[in-house]
Amino acid sequence: MFRQSWLSSFFVIVAAATLSAQAFIPIVNIQFTLSPSRPSKRCMTTSFSSNDDTGSLSDNLQLMSKKNLWSVEECLEEYRRDKENVVFLDATWFHKGSRNGLDEYLEGPRLPGAQYWDLVELSCSYELFPENNPKKLFAMFPPERLVASAFDWMKITPQSTLIVYARKGARFTPRVWYMLKRYCVPDQTIGLMQGSLEDWIRLGGPVDSGTLDKSQHVCNATKLAASKATPSYPVSPLARQQLVDMNFVLNLLEEDEAIRPIILDTRGSSFATKGHIPGAIHIPYSSLTEEGSTIRLKTKEEIINILKDRVGTDKYERLATESVLLTCGSAVSVCHLALAFEELGFVEPMIYDGSWNEWGKDPSTPKET
């Protein structure tokens, strides 16, 4: 017996149009029955790769609001030009090993006035949202209200210029970039620095030094979630529109492989060692960054060659016009590919929020090795 079509189980977050941006409440993990149409076929914004830009820094600054990838020089120039509106977000985070991004942020140095964006702290955790994350999944995308409260705490407004950066060796800045793109107002200026804190210092960029008190300088999700105050930042009520759940993926697998969305898995070696969703194609997130760097994205031409090599020419043509499904370990490294798709002008992909963290633990889900 076939499950109902995957097209009717697209997992979205919706807020009533009559609610003001200040008054909306978070609605999480609610599934609706939709008419049989494909998910949104759009890109998050017009994009310009810093690898392709020419001309002076002054010329490039005119394109800043539409760019995703900013060179360290461009970030430094923007800070010097408009430091009152620039907010640096430290996205240094490590999924394994002895390094701790939060500790390094607190110890310094940091970019001037930088805030630390903790993708685990600011997530839909079981501890804060047990009804929305009953399986205790890791780093699920957070409710809109929590993000709005975090923005307020960090003094981020729709007029702020947000620059995401990290220390050398960090890998997952695209996750923070993706969250900002989805949760911020459409015309927010957001840059992902294509270089490290160490590169910034090497170019003579100013930094803040000295040790910070975590209780005073890092937002606490528990306190934010408990607050009765209405957030002022108008977070998009459709921030999680592209996220899908396990039932959606199960329904998708019932469809003919020739017509169902392509599934791309961005994990590393665990794709082969631990298994994967049937039919998923492996595109390791590490293959999308420059050799010798964990932060800088490869050129468009290099990424196109990687995609064609991994999925084949025929399927590659579908990537640009159809919304594919991205999955990984916990919906973190998928954001590398979401960023790459944005740079190429492809349709915005769907993301399986639970990813292998959920799929791999469930004995009833089909798996391939």
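## A cis peptide bond

P109 is found in the loop between helix α3 (101–107) and strand β3 (115–116), where helices (H or I, at least four residues) and strands (E, at least two) are DSSP runs numbered from the N terminus. The peptide bond that leads from G108 to P109 is cis, with omega near 0°.

This is a predicted model, in which local features need pLDDT of at least 70 and side-chain atom pairs count only at pLDDT 80 or more, while totals for chains, interfaces and linings use all residues. Residues are numbered from 1 along each chain as its sequence is written, and side-chain values use heavy atoms, with hydrogens and water left out.

## Two residues with positive phi

Most residues other than glycine have a negative phi, and most peptide bonds are trans. K136, in the loop between β3 and α4 (144–153), has a positive phi of about 60° although it is not a glycine. A331, in the loop between β9 and α13, likewise has a positive phi of about 60° without being a glycine.

Relative accessible area is taken with a 1.4 Å probe on protein chains only, and a residue is buried under 20%, exposed over 50% and partly exposed in between. K136 counts as exposed because its relative accessibility is 54%, whereas A331, at 0%, counts as buried.

## The parallel sheet

Five strands form an open sheet with parallel pairing, in the order β6-β10-β9-β7-β8; two strands pair if DSSP finds at least two bridges between them. At the edges stand β6 (243–244) and β8 (281–282), each with a single partner strand, so one side of each is left without a neighbour in the sheet.

Strand β9 (residues 325–327) and strand β10 (residues 350–352) run parallel and are joined by two bridges, and L325 stands opposite M350 in β10. Helix α9 (residues 246–253) packs on the sheet and touches β6, β7 (263–265), β9 and β10, its direction making about 110° with that of β10. Contact means heavy atoms within 4.5 Å, and the axes are lines fitted to C-alpha atoms, for helices over the stretch in contact, with angles from 0 to 180 degrees between N-to-C directions.

## Nonpolar cores

A nonpolar core is a set of buried Ala, Val, Leu, Ile, Met, Phe, Trp, Tyr and Cys residues joined through side-chain atoms within 4.5 Å. The largest has 63 residues, of which L264, L307 and L319 touch the most other members, and helix α13 (residues 334–344) gives the most to this core, with eight residues.

Leaving aside neighbours within four places in sequence, L307 is in contact with I283, G312, Y316, L319, L337, F341, L344 and F346.
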